[in-house]
Amino acid sequence: AEIMRGGYDHFMMKEISEQPDSTFNTMRGRLDFKNKNIILGGIKQYLTSIRRSRRFQMIACGTSYHSCLAVRSLFEELTGVPVSVDLASDFLDRSPPIFRDDTCIFVSQSGETADSMQVLKYCRAAGCLNVGVVNSVGSSISRETDCGVHINAGPEISVASTKAYSSQFIALVMLALQISNNVIDNKQRHEEIINGLEEIPRLISQVLEKKEEIKEISLKYLHGKDSMLVVGRGYQYASSLEGALKIKEISYIHAEGVQAGELKHGVLALVDSNMPVVAFATQDSFSPKVNSAIQQITARDGRPIVVMTEGDNLIDRSKTSACIEVPKTVDCLQGLVNIIPLQLMSYYLSIAAGHNPDRPRNLAKSVTVE
Ligand code: AGP
């Protein structure tokens, strides 16, 4: 195992650190950065039918579910078709109507998650088109779907999913690009996104270089706490949920991902000078709303740790505990950069509490029971 960990103490740190390469591998051979082109061979045969769908239904669990949430609005923007995102377990409980002209997208690292597999069976019976976004080649979900995109992140051993998240995110962005690249109005946005994707591996490396700073912040403000909030909205709502899941899963600190607009609908009652808060406030069109959420927190003596754009001067730093500056990219891709500090935080908090991040208690890598 030591050789497999490639010099790292844990698979999780190896996999976090691999992301500049794994994200590149997801795009390799599919994105032509020079000509701003995309070719997803795995869905080619079904592309016409996918484009005819009047609805996309995404199905996943855990981290994979968060990757769906991360791309949902981009999918809607580019395709002009409504996108539903459901947890596989909740979908099963509801057994909602599925139409023959729906496209269902199953996102799974392992391709063996029982709940997601159950939904796939249900959808096959309903006669819709089923697309897999899977890491494990030859897995049940990749075999039982009509077509799909392998994320090519390489084997993920750590129970806590890290590199699969960034690769699922990118694979779904590419899927949205492929479905919508026959729409002329999208040309400029497509070019912007493809240029953005090209620089993602480099930007992730830049954030990884801040490891020590992130470790110090985690130990100083979060270690030993029993609970914390992770706040974000718009493109960063998914980052909040995923960041909170990582922290719960391996450091056993209760963490709640909060949509920033929901603070005043209840969560704000928890905020005081003792409640640790991490806020995603990188600049995009939602910044005014995010900054107002930060003010709601600081007005209750909360002192958030803020993930912000490099050189930001909109946020009052004197009222924060710490600022983690990250490089700016295209709005819909920013989550790929922003999640890195939270992955690192969860890792360092786990180690500091004396846990083995690769073996969180009560959890299995692949959940093959319902
Ligand atoms: C993530 O860190 C978790 N271990 C878990 O939520 C996981 O993402 C979920 O079980 C889904 O697994 P899958 O992607 O293999 O279907």
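Ground rules. I am working with a predicted model, where local features need pLDDT of at least 70, side-chain atom pairs count only at pLDDT 80 or more, and totals for chains, interfaces and linings use all residues. Numbering starts from 1 along each chain as its sequence is written. Helices (H or I, at least four residues) and strands (E, at least two) are DSSP runs numbered from the N terminus.

Helix pair. I found the axes of H10 (residues 211–221) and H13 (residues 334–352) within 9 Å, crossing at roughly 55°. Axes are lines fitted to C-alpha atoms, for helices over the stretch in contact, with angles from 0 to 180 degrees between N-to-C directions. The two helices are therefore oblique to each other (under 35 degrees is roughly parallel, over 145 roughly antiparallel, 65 to 115 roughly perpendicular, the rest oblique). On the H10 side I noted Lys211, Ile214, Lys215, Ser218 and Leu219; H13 brings Pro341, Leu344, Met345, Tyr348, Leu349 and Ala352 (contact: C-beta atoms, placed from the backbone, within 7 Å). I sorted these residues into eight nonpolar, one polar and two charged (Ala, Val, Leu, Ile, Met, Phe, Trp, Tyr, Cys and Pro are nonpolar; Asp, Glu, Lys and Arg charged; the others, Gly among them, polar).

First sheet entry. I read an open, parallel sheet of five strands in the order S4-S3-S5-S6-S7 (strands pair if DSSP finds at least two bridges between them). S4 (83–87) and S7 (147–150) each have a single partner strand, so one side of each lacks a neighbour in the sheet. S5 (residues 102–108) joins S6 (residues 129–134) through six bridges, with serine 108 opposite valine 134. H4 (residues 62–79) packs here against S3, S4 and S5, at about 170° to S4. H6 (residues 114–126) touches S3, S5 and S6, at about 160° to S5.

Ligand. I listed 15 residues around the ligand, and Gly62, Thr63, Ser108, Ser110 and Thr113 come nearest (near: C-beta atom, placed from the backbone, within 6 Å). H4 gives the largest share of the shell, three residues.

How values were computed. Contact = placed C-beta atoms within 7 Å.
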